[in-house]
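Take a look at the sequence and the structure first, and then we'll go over some of the details together.

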Amino acid sequence: MAATTVPGFSIQEFLVEEREKDLLRFSTAGSVDDGKSTLIGRLLYDTQSVYEDQVRSIEGKGTTAPGQIDFALLTDGLRAEREQGITIDVAYRYFSTARRKFIIADTPGHEQYTRNMATGASTADAAVVLIDASKGVLIQSRRHAYIASLLRVQHVLVAVNKMDLIGYNEAAFRVIERDFRLVLEQIASDTGNPVEATFVPVSALAGDNIVHRSASMPWYAGPSLLELLESLPSSHDTRTEPFRFPVQRVLRPDHTFRGFAGQIASGTVRPGDSITVLPSGRSAQVQRIVTWDGDLDEARAPLSVTLVLNHELDISRGDLIVSSQSPATVAKSATAALVWMDQRPLELNRRYLVKHTSQTVPAFVSSLEHRTDIGTLRHEPATTLEMNGIGVVKLHLLRPIALDRYAENRSTGALILIDAESNRTVAAGMITAASSYAATGDLTHADAWGPVTAGEREARWGHRGGVLELSGPVGLIDSIERSLFTVGVVSARIEADADAFVLHPRLLEIVTNLQTQSGLLSLVVHASESNTLTARAEGRQITVDADEPIQAVSAVHQLLHSTGIFIPSEKAGL
Amino acid sequence: MPIAESETPGLSSQSRVVTPRSLSHLRLLEAESIHILREVASEFERPVMLYSIGKDSSVMLRLAQKAFFPGPIPFPLLHIDTGFKFREMITFRDEMARSVGAELLVWRNEPAIAAGTNPIALDTRRCCGLLKTQALLDALRHYNFDAAFGGARRDEEKARAKERIYSFRDSAGQWDPKNQRPELWNLYNARIHPGESIRVFPLSNWTEMDVWQYIHEEDIPVVDLYFAKERPMYIRGDALLPIEQNFVARLGEKPQLVKSRLRSLGCSPCTGAIRSDAATVADIIAELLSFRSSERANRVIDHDQEGSMEIKKREGYF
């Protein structure tokens, strides 16, 4: 098919206009039946953001009458969804209008999938919350609004859908608006994050007030949903916030250049600015802001740049460069709101990894202050959080990190929790409070001054002390040690055939006993040319094929589980 | 890794000072992609960039130059060569790697190529399975890569719209769409067990239009096949088939000269051309605005079967 040229259209003018367009990210959320996919399909279709072949591929399919288009099919991606008829994951959609480019994080409204809603909201400037006008305010709509508020999505657009089903009745719309405003006020007072809400009566199926203003509701004089989206201020402009710059990488291509690469998390930076590096607390001045396109005389969030300082400081990945005038808090413990995202529930004192800005730090949760019931907003006492549960916890980090409260900074106040054993992302966290590390130290318990107990070591490291004997090819033994190291096992490797142990037959036992008492896993290694690997721990022995390294490594981990050196989980799960 | 001399100006000399542009959508997308490239280079032991020679790879390569400037790109490029790539693509690839100063690795499934694998003899799904997916998995295993960048975008296809930026693959390289890790803010979970890997998509949030606008604004070189020229084609109904491979021709079929270009670059037997007069990047953008069919409509592989991209991805395809 040949391209057609539109008379009066100038590509050069178009490109100049495009250069000025910004980007707005918004999340959508809705219950299974309240027409979210239809609404998005309608937005894409009415803004000419879908191609003919995509429309052709869904024509005549789905649940609509013959000849009509089921807009929901434009956005339902995966086979499983097509089979179940529901959206099951976060899907991203793109469209643009003459005024702005948009990214939609389309998140499911099914109750099980709260975690996806939080995922979509984490990067959103706005949230479109759907309410089915024929059903009124349901738990799902409250849940969405709560998560949008918790993740500090600034603008909430409440689309009251299916107005066609209730005869475009104004009174019904006003009742829903009044009820939901009350809900939003309660939510804001719980999360501490104000919500700016705007209500629009729509019908996604009929196209009322989605892109074009509707003739069916003369009583509504406001803008359509798309007009609202086009006019919202985007929230990535943080130039008035304090400067925060997590160091991702040190660039030193040769001895003349040493720069710190990262993405500005908030604020603005200029050459000559005084900065402090946290957690070390050392200061310097910014000398250059280096980019491939040339040095900048000013850079602001969220640009990715490289900073050169006026004198040498010991800075590495994970450090936070901040404005000296308003530094961040350095803390080893913090209070955080968690959204739990894994099948395996939260375990107190289990070893997790916190990923915060550009660093990963081992951590554990010492207590759960409360769980929040999103339906009633009640705070309930609890001992764990299950999938989709939300609660406030006390978090202890093994190394101090520089952070801000999430309410003040959506980047340096955010973290994810990773299970050190399964490597799964198990929770999203928003820091609500942290006190300075130097002032309070790490532990608040009365036993803070006593000897370190075996139980404390186990809680921190996730395993007991013990001895693992390994005989086999050295390369495979290296892989096993690496895999244990990766999951955070604290081990000490002993070459059993070394002279000292041969000369002093009892030395090996003395050393391993001491290490076991200190909670370490001793790896007693006999390297050989064999094509099998033998592993022994706590009297149990396995022999596996050394040519299948992945299976061999996994078998050794199994052995450590079965012997109880790896502490078994009390909860169901892995 | 051996890295040839690269042209990176301004190591020690002060380069020109530019005033910051207003943060347009392209600057925001660029900043996000650079952040991803730096995270992966810092958190994985052996990352690699899949370089497919197309426009998306060209943009990804430029972003990598920007991310590590004034240093070199700290990982190699890997091209999976099916043997059916256009000759101009191979020439462009070698020239590009040289001028950027990156290490280029090329991997071919030689046994399958020697056995005469082609999409006419087999169906396209099995052909792709052997020459692309199998070759890719073999290459990743051979070099022990634990992270691989790909230029895929979420706007390309419905199955890709749900793909994470860090896409976890099990030890067989497979994707499980029901069991993806949640991905919040810009905090990516890079933790894997031995044998597992992550596919990384730094251009996830770019659209086809964004890519062309960026190429236009940044003056990024792309393969000449994207630009309209008189080219010999087999004409079958609406489809234009390039004449690179003999086996594509049907009995008695004669090529004709057609002013045409390729909208996306793949293997010559499975990539149809379109009639076009677009001779510059600006022309292509103008043409894009007038299009009524999506970018991959000329790719045989995607609509072989309902949901075929998703099936391929589950098996380890990019």
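What follows goes from the whole chain to one residue, then to a pair of helices and a sheet.

A quick heads-up: this is a predicted model, where local features need pLDDT of at least 70, side-chain atom pairs count only at pLDDT 80 or more, and totals for chains, interfaces and linings use all residues. Residues are numbered from 1 along each chain as its sequence is written, while chains are lettered from A and ligands numbered from 1 in the order in which they are written.

Chain A has 15 helices and 28 strands; helices (H or I, at least four residues) and strands (E, at least two) are DSSP runs, numbered from the N terminus. Of its 574 residues, 47% are buried, which here means having 20 or more other C-beta atoms within 10 Å of the residue's own, with 12 or fewer counting as exposed, anything in between as partly exposed, and C-beta atoms placed from the backbone.

Now zoom in on Val183(A), which sits in helix H8 (residues 170-191) of chain A. Is Val183(A) buried, exposed or partly exposed? Val183(A) is partly exposed, because 17 other C-beta atoms lie within 10 Å. Setting aside neighbours within four places in sequence, Val183(A) is in contact with Val137(A), Arg142(A) and Ala145(A); a contact needs C-beta atoms, placed from the backbone, within 7 Å.

Helix H7 (residues 139-150) of chain A packs against H8(A) at about 35 degrees, with the axes 9 Å apart. Axes are lines fitted to C-alpha atoms, for helices over the stretch in contact, and angles run from 0 to 180 degrees between N-to-C directions. On the H7(A) side, the contact includes Arg142(A), Ala145(A) and Tyr146(A), and on the H8(A) side Val183(A), Leu184(A) and Ile187(A) are among the residues.

Elsewhere there's an open sheet of five strands, ordered S25-S26-S24-S27-S28 (chain A), with mixed pairing. Its edge strands, S25 and S28 of chain A, each pair on one side only; pairing takes at least two bridges found by DSSP. From one strand to the next, the twist averages 20 degrees. Strands S24(A) and S26(A) pair in the parallel sense over seven bridges.

Here are some strands of that sheet:

| Strand (chain A) | Residues |
|---|---|
| S24 | residues 466-472 |
| S25 | residues 491-495 |
| S26 | residues 521-527 |
| S28 | residues 540-545 |

Definitions and conventions:
Two residues are in contact if their C-beta atoms, placed from the backbone, lie within 7 Å.
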